[in-house]
Amino acid sequence: MTFRERLILIRDEKRLSQQEVADLLEVSRQTVSRWESGRSEPSSAQITKICAVFGVDANELLSVDGVAYERVPPEDTEKRRLEKRRFTAVLSIAGVLLAALIAGFITTVYYAVKDASYDAVSTVFIVQIPQNTPLIVLAAAIGILAFTLAVLTFLFIRKRK
């Protein structure tokens, strides 16, 4: 049950109109209407006054489905920092692997076409693939595989959260 639903329930139990609740809390009727419709929420001072006027506990008033509203404990903040560091590390590794992949691709293209000659008669480039090209292509393939694994690892880590 949300705050607005609890406020409506309290008002109905006390058999009060929105105007009567507004008078008790020293706010306008429109303010009570906005609270009950969920368009706005009361300040902490207003919540304290609601609790005092109607004799309810603030935890009960603000709880959602029986779970009391609480501020985030410091250890949760530390946990988020750790997750952010892990995310940054994975992103950095993925960036390095992507850079290696691009460098491998550029190197492969360079070695494959560096000795190309142009045949003016048939208007085509003649490309002779050097003997070491398969190793360069293999390095590019390993880079692609490593990048793919990094992305999949990142997605797996994000999904487990």
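This is a predicted model: local features need pLDDT of at least 70, side-chain atom pairs count only at pLDDT 80 or more; totals for chains, interfaces and linings use all residues.

Colleague: Is Val109 buried, partly exposed or exposed?

Modeller: Partly exposed, because its relative accessibility is 38%.

Colleague: OK, switching to the core. Which residues touch the most other members of the largest nonpolar core?

Modeller: Leu25, Trp35, Ile50 and Leu61 do, in a core of 15 residues. Helix 1, helix 2, helix 3 and helix 4 each supply at least two residues of this core. Helix 4 gives the most, with 4 residues.

Colleague: Then helix 4. Which of its residues are buried?

Modeller: Ile47, Ile50, Cys51 and Phe54. Seen down the axis of helix 4, the buried residues fall within an arc of 95°, so they line one face of the helix.

Colleague: And what does the face turned away from the buried side carry?

Modeller: The exposed residues Ala45, Thr48 and Ala52.

Colleague: What do the buried residues of helix 4 pack against?

Modeller: Four helices are involved: helix 1 (3-14), helix 2 (18-25), helix 3 (29-37) and helix 5.

Colleague: What follows helix 4?

Modeller: Gly55, with a positive phi near 65°. Val56 is in the loop between helix 4 (44-54) and helix 5 (58-62).

Colleague: Is Val56 buried or exposed?

Modeller: Buried. Val56 has 18% relative accessibility, and the cut-off for buried is under 20%.

Colleague: What does Val56 touch?

Modeller: Leaving out residues up to four places away in sequence, Val56 touches Ile10, Ile50, Cys51 and Leu61. Ile50 and Cys51 are buried residues of helix 4. Ile10 is 46 residues from Val56 in sequence, but the C-alpha to C-alpha distance is 9.1 Å.

Colleague: Now helix 2. Which residues are buried there?

Modeller: Gln18, Val21, Ala22 and Leu25. Down the axis of helix 2, these buried residues fall within an arc of 100°, so they line one face. They pack against helix 1, helix 3 and helix 4.

Colleague: Which residue takes a positive phi just after helix 2?

Modeller: Glu26, at about 60°.

Colleague: Back to Trp35. What is it in contact with, leaving aside neighbours within four places in sequence?

Modeller: Phe3, Arg4, Leu7, Leu25, Val27, Ser40, Glu41, Pro42, Gln46 and Ile50. Leu25 and Ile50 are also on the list of core residues that touch the most other members.

Colleague: Arg4 is on the Trp35 list. Where does Arg4 lie?

Modeller: In helix 1. Arg4 is partly exposed, with a relative accessible area of 32%.

Colleague: What else does Arg4 touch, besides Trp35?

Modeller: Glu36, Ser37 and Gly38, again not counting residues up to four places away in sequence.

Colleague: How far apart are Arg4 and Leu62 in space?

Modeller: They are 9.3 Å apart, C-alpha to C-alpha, and 58 residues apart in sequence.

Colleague: Great, that covers my list.

How values were computed: Residues are numbered from 1 along each chain as its sequence is written. Side-chain values use heavy atoms; hydrogens and water are left out. Buried means under 20% relative accessible area, exposed over 50%, partly exposed in between (1.4 Å probe, protein chains only). Contact means heavy atoms within 4.5 Å. The arc is that of the directions from the helix axis to the C-beta atoms. A nonpolar core is a set of buried Ala, Val, Leu, Ile, Met, Phe, Trp, Tyr and Cys residues joined through side-chain atoms within 4.5 Å.
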